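Reader: I'd like to go through this model and ask where the labels come from. Could you set each value against its cut-off for me?

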Amino acid sequence: MRRQVLLFMLVLSLTPVFGQVSYSIPEEMEKGSLVCNLAQDLGLEFKRLKSGRARIHSGDSAEYFELNRERGVLLIKERMDRETLCGETTPCALHLQMIMENPMELFRITIEITDINDNAPSFSSSEKRFEISESAVIGSKFVLEKAIDADIGTNDLQSYSLNPTNNFALKLENQADGSKKVEMVLQKPLDREHQDQISLLLTALDGGQPRMSGTMQITVNVLDANDNAPIFTKPVYKATITENSPRGTSVIAVSASDKDGGSNGEITYAISNSKRRLTDLFQINGKTGDVILIGEIDYEKAKLFQIDIEAIDNGGLSDSSKILIDITDVNDNSPQLKILSKSDTILEDSPENTIIAMLSVNDPDSERNGEVECNINEDIPFKIRSTMNGFYSLLTEVSLDREIASQYNITVSCSDEGVPSLSSSVTLTLQISDVNDNAPVFESSSYEAYIVENNTPGISIFTVRARDADWNQNARVSYILEDSSVNGVPVSSYVSVSADSGVIHAVRSFDYEQIKDFHIRVKAQDGGSPPLSSNMTVKILIQDQNDNPPQVLYPVQTGGSLVAEMVPRSADVGYLVTKVVAVDVDSGQNAWLSYKLQKATDRPLFEVGLQNGEIRTIRQVTDKDAVKQRLTVIVEDNGQPSRSATVIVNVAVADSFPDVLSEFTDFTQDKEYNDNLTFYLVLALAVVSFLFITCLVVIISVKIYRWRQSRILYHSNLPVIPYYPPRYSDTLGTGTLQHVYNYEVCRTTDSRKSDCKLGRAGSQNVLIMDPSSTGTMQRIQNEKSILDEPDSPLEQKPPNNDWRFTQGQRPGPSGATGGPEVAMGTGPWPQPPTEAEQLQALMAAANEVSEATATLGPGTMGLSTRYSPQFTLQHVPDYRQNVYIPGSTATLTSNPQQQQATAQQAAQQALPPAQMTAQMTAQMTAQMTSQPEPPKAAQTPASKKKSTKKEKK
């Protein structure tokens, strides 16, 4: 494919820059074929084509091309046939425009469609018959039908050939329009007697590659004498006709003459076949030669017509001529307006001379009929300017303001210079986009709002309104409560503002007695970018409500004690007994108090001042009046609805205090107080019961949890090492067992063998444990005799009186029980384990033993008795009775009950180790699962005295 590119860039002084390029392509290219690279030829970047939304404008012609913005190339959209588009017009060119926006630019593109040899020469009829007289002279000519080839140039019809050439030869004659006149010339006399019919083949060849041809069969019937052919009076006829002439208009009349006479001299006129379908527009009278208009002619489509005519006599002889018809233009076309690009919206702050639309104007008429002038309607801030021939730009003339006019209807009118003048118009609707140039405005800079105290949280207090002259999002006002504080508290904890409606809501319930008014600042902010705002102040005043009843300050109402006023029996009328003093924290009329006597013991003896609350006598006191007088006074405020308080005033009518005391000692408590006391007692009992059950459940759960933990530790690879303080011995001996033992269980993690180390109790029933000792039970039994001897060096001597302290001097928590005096030592005190730690260690050891022992033998141990239901606090070891001397295995004690455990301790040590271990495990397991209630506290002498007092009560 040969492509020629001619690039002309025209730089104008206006805002858009235009250019022009020309290309040449062959017809019948496949759809999607590449025409040219516009981006490269015009020097444009691909992103410019995308951002400018580049597109192709083809005018009235069909859209045969499409623009690929991604590649910047022009492609074939539809297959093109040059013969259909242009016919005989050369060159065949299509004029396109490429439009881009932001900024708006226009480029003109001219594409020439070159011809290819895609049409073979053809004849209108496949056969032609001639009747030629045998008297035809040599050199007689016979006009043949021209072949039609839609192609042009070298691809057009180039030559003819005639076969055979015995009698006839082919003669070609070039004509002014570029076509060839085809004639068959007699070169040898005809002899009807020898051959009455001759068959010839006329072949038309074009010059394309490859060459294409068309044929027509010619049959010649040889007749007798007609040796003169018709002859036209003129070789060329010329005529002129106005476009849009009506059908039936006579164009011209042609004539021809024939020297022959009779039927051989009768001439018939006809229009020869041509490329154009002239027979649809013109008709020739075959007898007279008048040419008549039978169709519609348009100057804009064809300005000149050439008609080939021929005259044929009855002998078959003919002559040819042509008619040239010029078309005269009339102003029959209005200007055609096309909107190439337009903006539907424009920002109100756009600068002057901003292009909002580009238009193309075309008038197909010629000369003054095609000259166009365009204008727009007045009183609008726009103007129209011609950028180049046939193209106009619509621009802003001044700055715009959407608040003045949000929409413009711009009418562009174009008229030509013809007579009469024709015009056309188009209306564009332009929306002015809002810019956030107006801040919200409140109706007032400050407001006052009122709300009654004790309001419901969330109630609406006041509504603020602000208006914004902008539109849409820029006019959407949001209300914001500005940060401030009221009495050191953020104002947001008092009120809130609805962002959409501007309604101020109360966040809390207000109390007039705490706060009477406060100020808030509300900001109105629009939704523009950046947002604009304004603010105003709202003063919120709290209105009082009668929400507080009167409070009686005197006489003071007490629940347990009894207060009475004394009135002597000799009191006069109007005697001031007492004065009820009350206040109301409300304000205004809600705080105005009035006093009334509601109920009295006897007939009217007292009255209460309505305003001052003074209780006075209204008559003389008589002997019939009771000593005990009970007055009920109501204190009522003046609110709506009113609130009141009741006070009971006890009055004793007596002359001396002993009389009053004897009468008032059997005053019972108020029924209401008794009811409250009963309620509280029942509530306390329920709470104590609940706590007791809860503690019991928690203790059982903890023990079960620890038991499960010990099982888990046994089956794991972690050793269980219970904790015992060094050289610790339980010397209390206050349990039901005669001896107390401490066990140290040592086990390996991969063996079920146990090595139990037991220490025997020493003098005064003290068990001495040596952590470093590795002796066995047999060794301890061998030492029994030594330990039982009274003069043994291992026996612990009783302490002297220097070691004794009083109960108040003992360390540890106060109130611990014990003997009257306890032996004490000097030096630092060891920190003994707590009861819970000891119990946990013993349980862990017992679990280890129970798992290692196959069977459990019967037996008892001190643990089962010490933690039996009969166990009390006096059985709990009191470590304050034991004095530990640092560096010594001896422990000082003053408990005589420990001396009674020697024999039984020796008997327990005599048991085999396995039996003893099983016995310990069984007793501990039984006690863990059979504790019906927690241990009870031991009774001390002080507690016994208290219980004796209660029994006496």
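Reader: Why is N102 called exposed?

Author: N102 has a relative accessibility of 61%. Exposed means over 50% relative accessible area, buried means under 20%, and partly exposed is in between (1.4 Å probe, protein chains only). The value of 61% is therefore on the exposed side. N102 sits in the loop between strand 7 (92-100) and strand 8 (105-114); helices (H or I, at least four residues) and strands (E, at least two) are DSSP runs, numbered from the N terminus.

Reader: And what kind of model are we looking at?

Author: This is a predicted model, in which local features need pLDDT of at least 70 and side-chain atom pairs count only at pLDDT 80 or more, while totals for chains, interfaces and linings use all residues. Residues are numbered from 1 along each chain as its sequence is written, and side-chain values use heavy atoms, with hydrogens and water left out.

Reader: What makes the phi of N102 worth a mention?

Author: Phi of N102 is near 55°, which is positive, and N102 is not a glycine. Most residues other than glycine have a negative phi. N244 also has a positive phi, near 65°. That residue lies in the loop between strand 17 (236-242) and strand 18 (250-253).

Reader: Is N244 buried, partly exposed or exposed, and how do you know?

Author: Partly exposed, because its relative accessible area is 45%.

Reader: Which peptide bonds are cis, and what omega values do they have?

Author: One joins N163 and P164, with omega about -10°. P164 is in the loop between strand 11 (157-163) and strand 12 (168-174). Another runs from V419 to P420, with omega near -5°, and P420 lies in the loop between strand 31 and strand 32 (423-433). As background, most peptide bonds are trans.

Reader: How do you know that C86 and C92 form a disulfide?

Author: The sulfur atoms of C86 and C92 are 1.7 Å apart. A disulfide here is a pair of cysteine sulfur atoms within 2.5 Å, so the pair qualifies.

Reader: Why is the disulfide of C86 and C92 called right-handed?

Author: The torsion about its S-S bond is about 65°, so right-handed is the label. Both ends are also buried: C86 because its relative accessibility is 17%, and C92 because its relative accessible area is 2%.

Reader: How many disulfides are there in the structure?

Author: Two. A disulfide also joins C374 to C414, S to S 2.0 Å. This link is right-handed too, with 110° about the S-S bond. The pair links distant parts of the chain, with C374 in strand 28 (residues 372-376) and C414 in strand 31 (residues 407-416), 40 residues apart. C374 and C414 are both buried. Counting bonded cysteines along the chain, the pattern is 1-2, 3-4.

Reader: What makes the nonpolar surface patch a patch?

Author: Nonpolar side chains (Val, Leu, Ile, Met, Phe, Trp, Tyr) are joined within 5 Å, and like charges within 9 Å. The patch is made by F679, Y680, L683, V687, F690 and L691 and covers about 650 Å², with areas from the Shrake-Rupley method, a 1.4 Å probe and only the protein chains shown as cover for residues. L683, in helix 5 (residues 671-715), is partly exposed because its relative accessibility is 43%.

Reader: Which residues does E403 touch?

Author: Not counting residues up to four places away in sequence, E403 touches E348, D434, D437, N438, A469 and D470; contact means heavy atoms within 4.5 Å. E403 lies in the loop between strand 30 (391-396) and strand 31. With a relative accessible area of 28%, E403 is therefore partly exposed.

Reader: Why is S350 called buried?

Author: Because its relative accessible area is 12%. S350 lies in the loop between strand 26 (345-347) and strand 27 (355-362).

How values were computed:
Patches are made of residues with over 30% relative accessible area and no salt bridge: like charges are joined within 9 Å, nonpolar side chains (Val, Leu, Ile, Met, Phe, Trp, Tyr) within 5 Å. A salt bridge is a side-chain nitrogen of Lys or Arg within 4 Å of a carboxyl oxygen of Asp or Glu.
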